[in-house]
Amino acid sequence: MSNPKSPEQSRESNNTQKQDTKIVNAGRSDKWTNGVVNPAVQRASTVVFDSVKQMKHATANKANQVLFYGRRGTSTSFAFSDAMTELEGGVGCALYPSGTAAITNAILAFVKTGDHILMVDTAYEPTRSFCDNILAKMGVETTYYDPVVGAGIESLIKGNTSLVFLEAPGSLTMEVQDIPAISEIAHRHGCSVLLDNTWASPINLKPFELGVDVSIQAATKYVVGHSDVMLGTATANEAHWPQLRESSYTMGQCTSPDDLYLALRGIRTLGVRMKQHEQSALKVAKWLSEREEVETILHPAFPSCPGHEQFKRDFLGSNGLFSFVVKPEFAKDITAFLDGMHHFKMGYSWGGFESLILAMQNVGAMRTATDWQYQGPLVRLHVGLEDVDDLIEDLAKGFERLAGKA
Ligand SMILES: *Cc1c(COP(=O)(O)O)cnc(C)c1O
């Protein structure tokens, strides 16, 4: 967990830099690097003091970026938290051992028994389980809402609504939410606005400029970028940071400096990786859109994706993750398509350098507030950094297997 820099300080340090320059420099202050390029992996449980005065100073400043106790962080975590706040915005960033832990702890920091929260119907599945199983047990009620509700969110707000949770685009089905419209109304009713911002990573959306109070990342995905670390972050604005920081600390949330080192390494190539993922995924999506087997493309950059207008207005780019729906008459056995892929292996956690594929037969069963209009299976792709023509060939062969021709 890091401490806020004042907004003035962060602006001074790098708001004049263009994004790719910030990606290279974020979090690399001399304080953490000691004159080399990268911060050291500083492992610690115990911090030792030589004098009562030193110990008192550390205790008094334990919420700031000083060495106090391993769980409060070391120079490695301070460097990573700084990097995230410099890229994403906000004033401080709390760290968690997974994206899921970031989501659940960020929600817990802002609700109490008797509250009501609004949760997007297309939330990441474990987020939904947390609401249905843990929050319900604590006496916090959840209402699921349509991701494209926009300003219509107002009619769902009750006297005890304390929090509105967004995820844009929606998990699997990719609907893009109207983040500024929802945030504005939520704030008018005194609610905190939390966003699962994993798809955009810290670089393709500026959540705090759109009214978000806490932006959450499964850093496991593009931040780490190499499919080898579980990590979560929650970055908060000034009004929400102290409560988020102290609540997460009280819950015992902390992360390994080795994992943070890998995440810092991942950040340095985030810009170039994202551009390549984006370019290749757009090419694959365009190719799929011309296939007769494909019913629709659910990629925010395509007009067929609900919320496409909001995507164009608010996002700075896309990435390798999107979905498409196969026409039911072509998909009697989607297994034939999935089995036998060379590059698109089946797996859940995306954001690494490798391509992935996943198919869902019954998307409608995963939601309660909105209907799902398609009969055929949804296929989600993560387009990796392989040569895009090899990837297209892989998919073309999959369609041949689907048609029983291979
Ligand atoms: C993967 C993911 C998470 C959870 O991250 P973990 O690190 O796997 O716990 C949360 N939200 C979204 C949108 C994700 O894709």
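Q: Between which two strands is the loop that holds Lys221?
A: This is a predicted model. In it, Lys221 sits in the loop between strand E6 (214-218) and strand E7 (232-236). The UniProt record, an unreviewed entry, places the feature "modified residue: N6-(pyridoxal phosphate)lysine" at Lys221.

Q: Why is Lys221 called buried?
A: A residue counts as buried when its relative accessible area is under 20%. The value for Lys221 is 8%, so Lys221 is buried.

Q: Which residues is Lys221 in contact with, leaving aside neighbours within four places in sequence?
A: They are Thr198, Ser349, Trp350 and Gly351. Contact here requires heavy atoms within 4.5 Å.

Q: What makes the protein chain as compact as a globular protein of its length?
A: The chain has 14 helices and 12 strands. Its radius of gyration is 22 Å, and the globule rule gives 22 Å for 406 residues; the two values are close, so the chain is as compact as a globular protein of that length. Along the principal axes, the C-alpha atoms fill a box of roughly 75 × 50 × 35 Å. Of the 406 residues, 57% count as buried.

Q: How many of the contacts between residues at least 6 apart in sequence join residues at least 24 apart?
A: The share is 75%.

Q: Why do strands E1 and E3 count as edges of their sheet?
A: The sheet is open and has 7 strands, in the order E1-E7-E6-E5-E4-E2-E3, with mixed pairing. Strand E1 (92-96) and strand E3 (141-145) each have a single partner strand, so one side of each has no neighbour in the sheet. From one strand to the next, the twist averages 20°.

Q: How do you know that strands E4 and E5 are paired?
A: Pairing requires at least two bridges between two strands. Strand E4 (residues 161-167) and strand E5 (residues 192-196) are joined by 5 bridges and run parallel. In one of these positions, Val164 has Val193 in E5 as its bridge partner.

Q: Which strands does helix H7 lie across?
A: Helix H7 (residues 125-137) lies across strand E2 (116-120), E3 and E4, and its angle to E3 is about 150°.

Q: What makes E8 and E10 the edges of the other open sheet listed here?
A: This sheet has 5 strands in the order E8-E9-E12-E11-E10, and the pairing is mixed.

Q: Are Cys131 and Cys191 buried or exposed?
A: The cut-off for buried is under 20%. Cys131 has 2% relative accessibility and therefore counts as buried. Cys191, at 3%, is buried too.

Terms used
Residues are numbered from 1 along each chain as its sequence is written. This is a predicted model: local features need pLDDT of at least 70, side-chain atom pairs count only at pLDDT 80 or more; totals for chains, interfaces and linings use all residues. Side-chain values use heavy atoms; hydrogens and water are left out. Buried means under 20% relative accessible area, exposed over 50%, partly exposed in between (1.4 Å probe, protein chains only). Helices (H or I, at least four residues) and strands (E, at least two) are DSSP runs, numbered from the N terminus. UniProt positions are given in the numbering used here, feature names are shortened, and annotations may be inferred rather than shown by experiment. The radius of gyration is taken over C-alpha atoms; the globule rule is 2.2 Å times the number of residues to the power 0.38. Axes are lines fitted to C-alpha atoms, for helices over the stretch in contact, and angles run from 0 to 180 degrees between N-to-C directions.
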